[in-house]
Amino acid sequence: MRSLAAIVAVLAASIAAPASAKCFTAHFEAVGVQIAVNNPCTLTPCPVYAITGQLKNNCPQPAGAALKITAFDAKGLVVTTAEAWPASVRNIAPGGLYAFDMGSLILFDERIKTATVEIIDVRTW
């Protein structure tokens, strides 16, 4: 016969993590995104992008999200794209923020004038 404490623990676990809880791209947002060109070299120019921000999990359970960066020229045509999981295989806690810098994914190109960052996938690790 199970103790009352064991029964309560089983019930609490089933209420705290419902099997139907699932995270979607709409549960995540990229906040405070800034895109800049830096030149870390001292002798010769070597421009690199800094694409920084925070990934926020608005899902009721821990999960991770993939980002897609799309870079455009002055006419609005796509120059290049890149995709990555900023937190790698780590979940971000509900309500949590994960700081990212994805600038290394886009090589400097003088044609690039603007860029967007979007959430493209969500996974629970």
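Because the model is predicted, local features need pLDDT of at least 70 and side-chain atom pairs count only at pLDDT 80 or more, whereas totals for chains, interfaces and linings use all residues; side-chain values use heavy atoms, with hydrogens and water left out.

The chain contains one helix and six strands, arranged along the sequence in the pattern α-β-β-β-β-β-β. Helices (H or I, at least four residues) and strands (E, at least two) are DSSP runs, numbered from the N terminus. Of the 125 residues in the chain, 27% are buried; here buried means under 20% relative accessible area, exposed means over 50%, and partly exposed covers the range in between, with a 1.4 Å probe and protein chains only. The chain exposes about 8000 Å², of which carbon and sulfur atoms supply 59%. Accessible areas come from the Shrake-Rupley method with a 1.4 Å probe, and for residues only the protein chains shown count as cover. Among the contacts in the chain with a separation of 6 or more, 70% involve residues 24 or more positions apart, a contact being heavy atoms within 4.5 Å.

A search of the whole structure identifies two disulfides, each defined as a pair of cysteine sulfur atoms within 2.5 Å. Cys 23 is joined to Cys 59 with an S to S distance of 1.9 Å. The torsion about this S-S bond is about -85°, so the disulfide of Cys 23 and Cys 59 is left-handed. Cys 23 lies in the loop between α1 (4-16) and β1 (28-38), and Cys 59 in the loop between β2 and β3, so the pair ties together parts that are 36 residues apart in sequence. Both Cys 23 and Cys 59 are buried. In the disulfide of Cys 41 and Cys 46, the sulfur atoms are 1.7 Å apart. Cys 41 is partly exposed, with a relative accessible area of 33%, and Cys 46 is likewise partly exposed, with a value of 21%. With the bonded cysteines numbered in sequence order, the pairing is 1-4, 2-3.

Strand pairing was assigned where DSSP finds at least two bridges between two strands. β1 and β2 pair in the antiparallel sense over nine bridges; Ala 36 has Ala 50 in β2 as its bridge partner. β2 also pairs with β5 in the antiparallel sense, over five bridges, and Gly 53 stands opposite Phe 100 in β5.

In soluble globular proteins, nonpolar side chains tend to be buried together. A nonpolar core is taken as a set of buried Ala, Val, Leu, Ile, Met, Phe, Trp, Tyr and Cys residues joined through side-chain atoms within 4.5 Å. The largest such core has 21 residues, of which Phe 28, Leu 55, Ile 106, Ile 119 and Val 122 touch the most other members. Two or more residues are given to this core by each of β2 (48-57), β3 (64-72), β4 and β6, and β3 gives the most, with four residues. Apart from neighbours within four places in sequence, Val 122 is in contact with Cys 23, Phe 24, Thr 25, Phe 28, Ala 63, Gly 64, Ala 65 and Trp 85.

A pair of aromatic rings is described by the distance of the centres and the angle of the planes. Rings of Phe, Tyr and Trp (its six-membered ring) pair if their centres lie within 6.5 Å; planes under 30 degrees apart count as stacked, over 60 as edge-to-face and the rest as tilted. The structure holds two aromatic pairs. In one of them, the ring centres of Trp 85 and Trp 125 are 5.3 Å apart and the planes stand at 80°, so the pair is edge-to-face. This pair links distant parts of the chain, 40 residues apart: Trp 85 is in the loop between β4 (78-84) and β5 (97-101), and Trp 125 is in the segment after β6 (114-123). Trp 85 is partly exposed at 25% relative accessibility, and Trp 125 is partly exposed at 36%.

Val 78 lies in strand β4 and is exposed, at 52% relative accessibility. Leaving aside neighbours within four places in sequence, Val 78 is in contact with Thr 70, Ala 71 and Phe 72. The C-alpha atoms of Val 78 and Arg 111 are 9.9 Å apart, with the two residues 33 apart in sequence.

Key
Residues are numbered from 1 along each chain as its sequence is written.
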